[in-house]
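Reader: Please take me through a single part of this model, closely. I would like the strand pairing and then its surroundings.

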Amino acid sequence: MLENFDLQLLNVGYEPVGEEWNWKDVCSPFVRIYLVESGSAHIRFDNELLELKEGFLYLIPPFQKHTCIGNKGFVHYYLHLYENPERGLNIFNEFKFNTEVPARKSDKSLFQMFVDIFPENRLDESDPEVYDNDSYLRDLRVSFTQRPPCEKMLAKGAMLILISRFIDLNASANKFRDPRIVHVCNYINSHIGDEISLDKLSELACMSKSHFIRIFKQEMGQTPAQYIIRCRIERAQLFLLLDNKPIKSIADLLGFSDLPYFIKIFKKHTGQTPLEFRTSRLSERYL
């Protein structure tokens, strides 16, 4: 499946942000990669406080809620990317990732390449309180697709190299112990808009339904139905931010034939209706 991962560029830049880099409860469907050139900062995940140190790379997965705490003299490169939601894959289902790795000279060269080739992808504003029109994100997506093929190939290769630096080589290739559950999760992500029955999933896992539900919850921490809903809502967030399709079309695309039910479930998981999510201030644009 590795050859089918389709990483898309969103934002990239180089910023001396210092103490003003303080934003609470940032959460988005995009992957963030940082390279710290000088100084230090901190990121808080729930009860864990991570120090961002000079000479290291850092990865923040999508949908990971965090708070940024800047310090004087903090200078970093940043890269925001996402997986093409139309491919139905999830690289974080396939590999176990570290959060921090030592940076190499080649890593900095890749960031510098991005900054040189994609200057328009730099963030103009780092304050999450500043309103951002959602069309900005769609414009970036369209702009990237219209780039010359050589530049898109270069960018996608560089993104794969940088994200590969975080793969935990000391862990198994998949972060789930049971390969049957991995197979089922891949099927769900690849058929997220289809009607997915428990009978089909237990058949794929070669288990009885009751045994499959028990093993799935043991591995995933949630039932198959809860996992399917979570994947659909996460995919919906990407479509709402990056595509101008009507909300009803997005709901249909993700297997929600009942629009009011989609709105209810979306709000339950995100705290906002799809329309509120689409038109609200988007933290995805910020450093």
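Author: Strand 2 (residues 22-26) pairs with strand 7 in the antiparallel sense, over 3 bridges. Two strands pair if DSSP finds at least two bridges between them. Strands are DSSP runs of E, at least two residues long, and helices are runs of H or I, at least four; both are numbered from the N terminus. His 66 in strand 7 is the bridge partner of Val 26.

This model is predicted: local features need pLDDT of at least 70, side-chain atom pairs count only at pLDDT 80 or more, and totals for chains, interfaces and linings use all residues. Residues are numbered from 1 along each chain as its sequence is written, and side-chain values use heavy atoms, with hydrogens and water left out.

Strand 7 also has strand 4 (residues 41-45) as an antiparallel partner, joined by 4 bridges. There, Ile 43 stands opposite Cys 68. Strand 7 (residues 66-70) has 4 of its 5 residues buried, so it is largely enclosed by the rest of the structure. Buried means under 20% relative accessible area, exposed over 50%, partly exposed in between (1.4 Å probe, protein chains only).

Now the wider setting. The protein chain has 11 helices and 9 strands. Of its 287 residues, 51% count as buried. The largest nonpolar core has 57 residues, and Trp 21 and Leu 52 have the most contacts inside it. Helix 8 (residues 224-242) gives the most to this core, 11 residues. A nonpolar core is a set of buried Ala, Val, Leu, Ile, Met, Phe, Trp, Tyr and Cys residues joined through side-chain atoms within 4.5 Å.
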